[in-house]
Amino acid sequence: MSCSCWSRCKQSISEMNLKIKIAIAILAFIHISLAIARKSTDGVAHHRLVRLHTMLITSTVMLTSSYYMWKRINFSIKKHKPHKSESEISIANNLESDTDFAITSLLPSPNPVGNRRLRLLCLQDVAQALLLLFLFLSHIALFFYYILLGPEPNVIAITALSFIACYAHILIFLLIADILYYSTRIIHNRVSANSVHTYLHENRSFHIMLAVILGFMFMFGGLYTTHTDPIVREASIPMNKFQTSGGNVSIALLSDIHIGPSVGRTRIARIVEMTNALKPDIIAIAGDLADGLVRDFHGAAEPLCNLKAPGGVYFATGNHEYMHGNVTEWFWFLENCNITILHNQNKHITINGQQMCMAGADDIYAVRAHVPGHGMDLNKALSTCESDSTNVLLAHQPNAAKVVLNDSNLSKKVNLILSGHTHGGQMYPFVPIVHIANAFVRGQYYDKKTDTYVYVSAGVNYFGPPIKIFGGCEIIFITMNSNP
């Protein structure tokens with residue numbers, strides 16, 4: 001006796017095809033409408049439409065991945081075809097097709113002769129229902145940048161955003177499992193029979209489940225990292241232009257704060273508390289402050305007004321300022337918090353007897369964002385920084401640091417470049433990608449030719465999913481001292 005709650009929902013092939021065609025038509029209409037709307041708007045409205053359209057494109061692409069995941073995981077839940085010897089296959093062919101032969105299950109159906117309650121509960125169907133819920137929440141995760149916004153993250157938003165990170169891990173592990181399976185099968189069938197493919201074939205369902213388990217393990221490990229205090233990493237950097245009669249100068253570097261649907265007021269307040277406890281001479285915020293509008297996240301951002309440093313608190317934009325909100329409104333907000341905006345500008349200060357020039361450039365992405373009055377202008381940012389002072393540049397993306405180092409005129413004016421952006425990869429599968437895409441990835445670098453230091457922070461927080469590699473959330477405490 002078969003137990004399946006899904007049997008009541010079965011549709012004929014023609015009805016299913018019709019629904020698929022209607023869904024495709026609706027998706028096409030939505031995408032065309034948004035593309036037209038993007039062309040007819042500008043400013044903040046344009047960028048919000050771009051963001052929404054990007055999310056819809058991502059969700060559409062995810063449909064294919066979700067279908068793949070559903071087929072693979074459902075295979076593991078319901079059907080597992082163990083390896084058969086030639087004699088077993090011969091017997092099977094005489095009895096019934098190979099497709100239906102020797103079907104076993106990791107989650108057995110209820111025993112028809114057992115307790116009535118157990119008969120009513122089909123574990124396979126429960127597993128499939130949970131899988132559908134997981135896929136659904138993963139698909140809608142990015143839309144929480146528009147709904148349920150407030151000073152603290154919403155539980156549903158946190159769950160959905162966590163699931164999308166888990167989704168990415170599971171997808172990668174399933175692809176690895178399939179690559180191994182099919183590559184060994186080709187060798188097995190065309191070159192020579194091998195025990196590796198036999199083992200993978202016999203245990204395929206278990207390897208699929210292992211991919212799912214590993215995905216959730218990485219998710220929970222990442223959640224632990226982002227729900228504990230960021231790590232304080234210390235660095236000591238010698239400065240040739242420091243006066244020996246003066247003292248050391250300390251800088252607390254905060255990058256990639258990412259106030260948004262998964263980063264709220266409590267987290268920001270704790271970061272501010274830890275930063276002030278270090279008693280830095282200068283606090284530098286190297287971009288990617290928020291992923292939304294001031295009206296949605298001002299409550300979460302308010303603790304930033306409590307940042308204190310005798311040499312000042314400074315901010316330069318990151319790419320997310322131009323992707324997720326109105327950068328001008330955030331400038332007003334920060335200025336009301338006594339945070340100095342370095343919008344292709346610099347400020348001269350004297351701290352502990354050392355003359356310094358704090359400079360900041362707009363992010364590289366600002367030019368592509370087409371926000372009037374914004375765009376990376378390194379010459380303007382460093383224009384009044386003199387050669388006899390110690391000059392520090394805030395440039396969100398490490399590729400901007402590479403631009404400075406490759407320009408002989410600019411590199412003469414810079415002694416230390418502070419960046420972020422990379423998140424150290426944020427999640428382990430993406431670590432190789434950030435190494436390929438960025439000139440510098442994480443930590444302290446020294447360019448001997450220009451005598452310039454670069455420090456890249458992995459960020460104090462994370463973007464989107466509250467998942468990060470172990471030790472990935474960090475506050476950087478740099479001590480600048482005279483060169484011995």
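**Figure 1. Contacts and overall make-up of the predicted model.** Of the contacts in the protein with a separation of 6 or more, 77% are between residues 24 or more positions apart; a contact means heavy atoms within 4.5 Å. The model is predicted, so local features need pLDDT of at least 70 and side-chain atom pairs count only at pLDDT 80 or more, while totals for chains, interfaces and linings use all residues. Residues are numbered from 1 along each chain as its sequence is written, and side-chain values use heavy atoms, with hydrogens and water left out. The protein has 17 helices and 12 strands, taken as DSSP runs (helices H or I, at least four residues; strands E, at least two) and numbered from the N terminus. Buried residues make up 48% of the 484 residues; buried means under 20% relative accessible area, exposed over 50%, and partly exposed in between (1.4 Å probe, protein chains only). The protein exposes about 23600 Å², of which carbon and sulfur atoms supply 61%. Accessible areas come from the Shrake-Rupley method with a 1.4 Å probe, and for residues only the protein chains shown count as cover.

**Figure 2. Salt bridges of Asp178.** A salt bridge is a side-chain nitrogen of Lys or Arg within 4 Å of a carboxyl oxygen of Asp or Glu, and by this rule the count comes to eight. Arg72 and Asp178 meet at 2.7 Å, N to O. Arg72 lies in helix α2 and Asp178 in helix α6, so this pair ties together parts 106 residues apart in sequence. Asp178 also forms a salt bridge with Arg204, with the closest N and O atoms 3.0 Å apart. Arg204 lies in helix α8 (residues 204-226), so its pairing with Asp178 in α6 ties together parts 26 residues apart.

**Figure 3. The salt bridge between Asp229 and Arg270.** The two side chains meet at 2.8 Å, N to O. Asp229 is in the loop between α8 and β1 (231-239), and Arg270 is in helix α9 (residues 265-277), 41 residues apart. Asp229 is partly exposed at 40% relative accessibility, and Arg270 is partly exposed at 30%.

**Figure 4. The second largest pocket.** About 1300 Å³ of space lies in this pocket. Of the 40 residues that line the pocket, the closest to its centre are Leu142, His320, Met323, Phe463 and Pro465. Helices α2 (43-78), α6 (155-191), α11 (320-323) and α17 (431-437) each supply at least two lining residues; α2 gives the most, with nine. On a 1 Å grid over the protein atoms alone, a pocket is an open set of points where a 1.4 Å probe fits, with protein on both sides within 12 Å along at least five of seven lines; lining residues have an atom within 4 Å of a point. Grid points are joined across faces, edges and corners, and the volume is the space filled by probe spheres set on the points.

**Figure 5. Loop residues with positive phi.** Asn352 has phi near 55°, a positive value in a residue other than glycine. Asn352 sits in the loop between β6 (345-351) and β7 (354-360) and is partly exposed, at 37% relative accessible area. Asp451 also has phi near 55°. Asp451 lies in the loop between β10 (443-447) and β11 (452-456), partly exposed at 29%.
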